[in-house]
Amino acid sequence: MSAAADRINDGFAHEVPEPICAFLGVASSPDWADALAADLETLLIDHANCELKAAASALALMHRYPERVNLIHRMSRLAREELRHYEQVQQRMQAHGIAMRHLSASGYAAGLKAVALRDEPLRLVDTLIIGGLIEARSCERFALIAPRLPESLARFYRGLLASEARHFEHYLALARDAAERDDDVVTARLAILREREQALIAMPTDTLRFHSGPPAAN
């Protein structure tokens, strides 16, 4: 067994906070982490794209729901943090001689949005739950991939985990606000969206990305 494998149990990486494990329910495949850690160019380019998309999604929510003061405050802070992380990933790319280029999307976010409801207020509830799932999965993957990377990048990803570990909770709190504190609604929608999320991260793929499933067998 490799040194990296010693740090990974049969489920979640040891560094993943328990609230994130409980929220996600299912761990990412170590095969995903092994494959992406061996392809730093894809890892860093797609991760940069993910941070930029997260900031854009936060800004889009601010534009769509200007009357929701709590949401505006939270998304404003989140967008600034995601843009800062985008800049930090860009710095790591430059340090490794990696130029930004276009990468196709994994289909993960689109797959989640495909089961979201279209009528308000459940549209907002679903959008926020999806944001929480994406944030939680990102943190789980920061922890899973860090032990497989060169030490400078490992420290960076552990730092991101510490910085973003509670983002999913903020999204979930906002979803409860949007549902007017009806926990039954949030629980029901979370169950549906979580099931889709788990299927997406388990689906083998030829398009390996930060939020994709594991590589398909050759």
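**Notebook: charges, fold and rings**

I began with the charges: the protein chain carries 25 positive and 30 negative side chains, and the centres of the two sets lie 4 Å apart. I counted Lys and Arg as positive and Asp and Glu as negative, leaving out His and the chain ends; each charge was placed at NZ of Lys, CZ of Arg, CG of Asp or CD of Glu.

A note on ground rules: this is a predicted model, where local features need pLDDT of at least 70, side-chain atom pairs count only at pLDDT 80 or more, and totals for chains, interfaces and linings use all residues. Residues are numbered from 1 along each chain as its sequence is written, and side-chain values use heavy atoms, without hydrogens and water.

Next I looked up the fold and found 10 helices and 0 strands in the protein chain (DSSP runs numbered from the N terminus: H or I of at least four residues for helices, E of at least two for strands).

I then checked burial: 48% of the 218 residues are buried (under 20% relative accessible area, 1.4 Å probe, protein chains only).

On to the rings, where I got 5 aromatic pairs (Phe, Tyr or the six-membered ring of Trp, centres within 6.5 Å; planes under 30 degrees apart are stacked, over 60 edge-to-face, the rest tilted). Trp 32 and Phe 210 pair edge-to-face, at 5.9 Å centre to centre and 85° between the planes. Trp 32 sits in helix α3 (residues 30-37) and Phe 210 in the segment after α10 (183-202), 178 residues apart. I noted that Trp 32 and Phe 210 are both buried.

Lastly, I saw that ring pairs join Trp 32, Phe 142, Phe 156, Tyr 157 and Phe 210 into a cluster.

Definitions and conventions. Buried means under 20% relative accessible area, exposed over 50%, partly exposed in between (1.4 Å probe, protein chains only).
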